[in-house]
Amino acid sequence: MTTATFTAEDAASTMQMLLSRAEVELRTPLALIQGYIETLKTGAIKNGDSLTRCLEVMDKHSRRLMHVIDDINAVAQLQPGGQPSVCDASFLQRCLETSVERLTPLIEVSGTAVEAHIPPGCCELKGDRMVWHLVFTKLLEELLRNLPTNSRVSFKASWETSGCALEVSCDAPLITRGVAPEENVAWSEAALGLLVVKRALELNHGSLKWTNDPQQGCRFLLSMPCADGCASKHCR
Amino acid sequence: MRRDRHRAIFGRRVDVTLMWLSRIMSHILIVDDEKDIVDLVTLHLNQEGCEVIAVYNGLDAVETAARERPQMIVLDIMLPGMDGWQVFRQLRTDVRTRSIPVLMLSARAQAHDRINGLEMGADDYLTKPFSPRELVLRIRSILRRSQKVVMTDELRVGDFVVDRQNMALSVGGRLVELTSTELRLLTVLITNPDVIHSRSELLNGVWGYADDTHSRTLDTHVKRLRDKLGEPYGTHIGTVRKQGYLFVSQPVTQTPK
């Protein structure tokens, strides 16, 4: 089984990368809020409809600021040294259900169909439980926020030599910046939320791959380590 | 392709006819994937009498710039499809777009991003959040500088011929490909040959900077200009240490010992 080990240097540089990404994501909504405040002060917007539109833009981007702040909070939780534990075979199923439950309002608003295929007798995952919860909730949240409305998201677990694999496929591509849509996504340009998912997964010695195809949609492959002596029939 | 020609926004229509009577309208291409940013900038540029063409990704930006030939481009860096750096490189390799001034407007505010943008030859780099009023003033300043170059025709000094109408330079009968910034720099130097131009004078005249904190940008552009001119013409650009640069009309050739 391949596991990643993190030095203090790795952790510091990852943290720096996440915070610099957060800074970039804060700037655009802030530009819009400040820009429209300046515009209102000049008296350029006079009629009621324009004023309403202006306030809507400011409201939308202030909520966007809140999401970035949530992501920064998640970043703050991503410190190495958490307590690894063995999660029982039904943990993955329960964990996904909890994520779906927490994000139900967002699922309803976006009209996204979420389905999960976790076969019985799944692996016993190893790692910090809180971090696993963060991985699944944050990944689903990112998809709900960045996929077109009425998309379909499917979680499917399978087994690989190094542990459990979770394939997350979506029928639409994510809107990404800075990369050609047909190429694999460059992590340095990914949204902060996805970087948080990647980092959290790495903290639990897993890994994340991501492809984004304008025709086929996007696909995430999460490799998750299972416990030594895992009781799953696939590991025995 | 999502492409809008904005003239009315927020239900407000600029009286274009009146604007035409008072000044020549500028056509500006805005490239940003955030529609709200495009709307905000459009609103302010419309007030200045500018017509705005908006595109929301890098691929459309290159195509639209070549077709519409705007007087200026406001370019975001983080774009879907093709990022702003790639867009800028493509604009500079296409003969139809290479002389169009570009202002980079980006959320990437690290010093290395700004330096990279300016060293690549962008005419200005503004970071988000920005003041719309400041953006308009910077655009106006760039347009003013680029129009100055266009207004006069040909400038000849020795083997150097600057065709300001077509933003082209030929040296000894050979066409030398320069970016708009490099051409402006050479034009400033060549207009007064054998006269030292201080660093701050050049930074202000070519880039519009009020101080000389961007002096590395100047040195990089001078080096690139010399490289493009090649031997022996590169020696016409002289350095006066701690002072500035000058165009030397008759450089002294060093004979090998």
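The chat below goes through a predicted model with chains A and B.

Q: How are residues and chains labelled, and what limits apply to the model?
A: Residues are numbered from 1 along each chain as its sequence is written, and chains are lettered from A, with ligands numbered from 1, in the order in which they are written. This is a predicted model, where local features need pLDDT of at least 70 and side-chain atom pairs count only at pLDDT 80 or more, while totals for chains, interfaces and linings use all residues.

Q: Ok, chain A. How many helices and strands?
A: Chain A has 6 helices and 7 strands. Helices (H or I, at least four residues) and strands (E, at least two) are DSSP runs, numbered from the N terminus.

Q: In what order do the elements run?
A: From the N terminus on, the order in chain A is α-α-β-α-α-β-β-α-β-β-α-β-β.

Q: What percentage of chain A is buried?
A: Buried residues are 37% of the 236 residues in chain A. A residue is buried if 20 or more other C-beta atoms lie within 10 Å of its own, exposed if 12 or fewer, and partly exposed in between, with C-beta atoms placed from the backbone.

Q: Which strands form the open sheet in chain A?
A: The sheet has 5 strands in the order β2-β4-β5-β7-β6, and the pairing is mixed. Two strands pair if DSSP finds at least two bridges between them.

Q: Which ones stand at the edges?
A: β2 (113-117) and β6 (207-213) of chain A, each with a single partner strand, so one side of each has no neighbour in the sheet.

Q: How does β2(A) pair with β4(A)?
A: β2(A) and β4(A), residues 152-160, pair in the parallel sense over 5 bridges. Glu115(A) stands opposite Ser154(A) in β4(A).

Q: Switching topic: how many residues does each chain give to the contact?
A: Chain A gives 24 residues and chain B gives 25 residues. Two residues are in contact if their C-beta atoms, placed from the backbone, lie within 7 Å.

Q: Which element gives the largest share on the chain A side?
A: That is α1(A), with 11 residues. The residues on the side of chain A that touches chain B divide into 11 nonpolar, 8 polar and 5 charged. Here Ala, Val, Leu, Ile, Met, Phe, Trp, Tyr, Cys and Pro count as nonpolar, Asp, Glu, Lys and Arg as charged, and the others, Gly among them, as polar.

Q: Now chain B. Which residues of α3(B) meet α4(B)?
A: Gly58(B), Ala61(B), Val62(B) and Ala65(B) in α3(B) meet residues of α4(B), including Val87(B) and Leu91(B).

Q: What about the strands, how do β10(B) and β11(B) run?
A: β10 (residues 160-163) and β11 (residues 168-171) of chain B run antiparallel and are joined by 4 bridges. The bridge partner of Asp163(B) is Ala168(B) in β11(B).

Q: And what is β11(B) paired with over 3 bridges?
A: With β12(B), residues 174-176, in the antiparallel sense. Val171(B) has Arg174(B) in β12(B) as its bridge partner. In the hairpin of these two strands, which has 2 residues between them, Gly172(B) takes a positive phi near 60 degrees.

Q: Last one: where does Thr235(B) lie?
A: Thr235(B) is in the loop between α9 (215-229) and β14 (237-240) of chain B. Thr235(B) has 14 other C-beta atoms within 10 Å, so it is partly exposed. Its C-alpha atom is separated by 9.7 Å from that of Ser249(B), 14 residues apart along the chain.
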